[in-house]
Amino acid sequence: MKSWKKKFIRLFAVVLVGFVSMSFVKSYIIKTKSLTEQFMVDIEAHLKVRNDYGPIEFINTDEQEARIEATLTVEGKTEEEIAKVLDQFVININVSGKVIDVFADINMKNWVQYNGWFYNKNTITFNDGSTALDIKDTDISLVVYLPKVKELTINNKYDTVKFESFNSDVNAQLMSSDISGGDINGDVDIDLKYGDMNVGDIQGGKLVLFDSDASFGGAGNLELRSKYSEIKFKDAKSLDQTSFDDVIDFENVEGDINMNAKYSEISFNDYDTAAFDVFDCDLDAGTGKSLSFSSKYSTVKFNDVDVVELESFDDDFRFAVMKEVKILRSKYSEFLIDQVDTELKVISSFDDEITVVSVGENLSHLEMDSKYTDLDFPIPNDVAYHLDAKLKYCSFDHPKPSNIETKFQEGSSLELICKINNPSQNSPTIDIKAYDGDITIQ
């Protein structure tokens with residue numbers, strides 16, 4: 001009995017393998033058909049080009065006449081069924097005022113494809129109700145000889161868009177499509193999903209990226225909305241970005257940066273004014289004039305900045321030379337600052353570590369209100385300043401006063417108002433309120 005079962009299983013397996021093998025051994029026929037259309041284009045025109053079935057290539061022309069060359073390639077089992085697809089092939093050109101729509105089409109209503117063990121179906125239904133059977137693939141290659149226009153709109157899915165350069169504003173809706181070419185001498189409004197973008201300079205505009213890689217040269221005023229993407233560019237006049245789980249690398253921004261980011265890696269060089277709201281990000285930045293920063297769970301590194309204002313929660317900050325630093329609110333964060341030149345204000349701090357490596361010659365003010373925070377702020381020994389400290393459960397390392405105005409010490413509480421090194425009326429002021437921290441100002 002067991003032997004019979006084994007023989008049956010072996011026989012069934014042989015038949016099954018043969019059936020599967022036969023199902024994959026098919027010969028297909030490939031046929032092509034080409035169409036060409038020409039039409040006049042006004043310099044103020046808005047040209048819209050769409051191809052859902054294959055690539056688009058734009059070639060610039062100095063003529064006022066546009067030319068569309070479309071080639072349909074069909075792969076199927078029989079010439080009769082292929083011919084049904086070729087007969088449906090058209091280049092649609094619709095003109096409405098200054099708007100010209102161009103769409104290469106095979107008038108397909110739907111395509112039902114089902115491959116089962118014992119039943120297969122492969123049927124294209126066209127808009128007129130006719131059908132074509134057993135078509136393996138269709139592809140339309142579109143070449144557009146492009147005159148100068150005011151605006152260009154591109155729609156493409158699952159293929160490539162190539163161009164020499166665009167001399168107009170460009171709108172694009174791209175799905176699993178790659179776009180590559182030279183400069184875009186106009187504003188852009190590009191929505192790219194699951195694709196790559198590799199172009200030259202763009203004048204400015206908006207990019208919406210989803211799971212895409214984008215690389216371009218310089219830009220004007222740029223708006224970026226991105227998720228799961230890698231973005232690299234050189235310079236921009238200004239940058240407004242919302243980012244989620246991206247890798248962002250750019251060089252310089254001439255003006256303002258406004259960025260809201262989560263789970264992203266961000267690196268850039270010089271900027272003018274920047275405002276960041278970040279969550280769980282890694283950020284490495286260069287030199288700027290003014291920085292506003294709100295962060296949680298991030299690692300942040302900046303070079304020289306004139307004015308810094310920030311809020312922090314469980315972050316790790318590293319700064320180079322700061323002229324003025326204002327920490328509005330902070331909890332559970334670490335700050336390492338190479339140098340504070342003029343002023344450090346800590347408005348509210350809870351369980352932080354603030355380490356300043358050196359203090360500049362132009363120091364004017366230190367102010368801190370904290371709980372469970374450690375501060376190391378090494379004021380040079382020869383600096384004269386006014387000191388006002390109110391401390392509880394703190395260790396406090398400071399120079400010997402030259403003049404004590406008020407001193408109250410009882411148990412773990414210390415209040416001290418004094419002068420260090422005989423300061424003048426214009427000398428720096430040091431105001432510290434601390435609870436349970438290690439405070440060093442020498």
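Q: How many helices and how many strands does the protein chain have?
A: The model is a predicted one. Its secondary structure, counted along the protein chain, comprises two helices and 39 strands.

Q: Is the protein chain compact or more spread out, judged by its radius of gyration against the globule rule?
A: For 442 residues the globule rule gives 22 Å, whereas the radius of gyration is 34 Å. Along the principal axes, the C-alpha trace spans about 105 × 85 × 25 Å.

Q: What percentage of the residues in the protein chain is buried?
A: A residue is counted as buried when its relative accessible area is under 20%. The accessible surface of the chain comes to about 22,700 Å², with 46% of it belonging to carbon and sulfur atoms. Of the 442 residues, the buried share is 40%.

Q: How far apart do the centres of the positive and negative side chains lie?
A: The protein chain carries 45 positive and 79 negative side chains. The distance between the centres of these two sets is 10 Å.

Q: Which residue of β12 is the bridge partner of I56?
A: Strand β3 covers residues 56-60 and runs parallel to strand β10 (residues 135-146), to which five bridges join it; in that pairing, N60 stands opposite L146. Three bridges join β3 to strand β12 (residues 160-163), and these two strands also run parallel. Within β12, the partner of I56 is V161.

Q: Is G255 buried or exposed?
A: G255 is located in the loop between β21 (247-253) and β22 (256-262). Leaving aside neighbours within four places in sequence, its contacts are K237, Y271, D272 and T273. The relative accessibility of G255 is 16%, and the cut-off for burial is under 20%. G255 therefore counts as buried.

Q: What is the C-alpha to C-alpha distance between G255 and Y271?
A: In sequence, G255 and Y271 are 16 residues apart. In space, their C-alpha atoms are separated by 6.4 Å.

Q: What is the phi of N107?
A: Most residues other than glycine have a negative phi. N107, in the loop between β6 (99-105) and β7 (108-115), is not a glycine, yet its phi is positive. The value is near 55°.

Q: Is N422 buried or exposed?
A: N422 lies in the loop between β37 (413-420) and β38 (429-435), and has a positive phi of about 50° although it is not a glycine. Its relative accessible area is 60%, and the cut-off for exposure is over 50%. N422 is therefore exposed.

Methods:
Residues are numbered from 1 along each chain as its sequence is written. This is a predicted model: local features need pLDDT of at least 70, side-chain atom pairs count only at pLDDT 80 or more; totals for chains, interfaces and linings use all residues. Side-chain values use heavy atoms; hydrogens and water are left out. Helices (H or I, at least four residues) and strands (E, at least two) are DSSP runs, numbered from the N terminus. The radius of gyration is taken over C-alpha atoms; the globule rule is 2.2 Å times the number of residues to the power 0.38. Buried means under 20% relative accessible area, exposed over 50%, partly exposed in between (1.4 Å probe, protein chains only). Accessible areas come from the Shrake-Rupley method with a 1.4 Å probe; for residues, only the protein chains shown count as cover. Lys and Arg count as positive and Asp and Glu as negative; His and the chain ends are not counted. The place of a charge is taken as NZ of Lys, CZ of Arg, CG of Asp or CD of Glu. Two strands pair if DSSP finds at least two bridges between them. Contact means heavy atoms within 4.5 Å.
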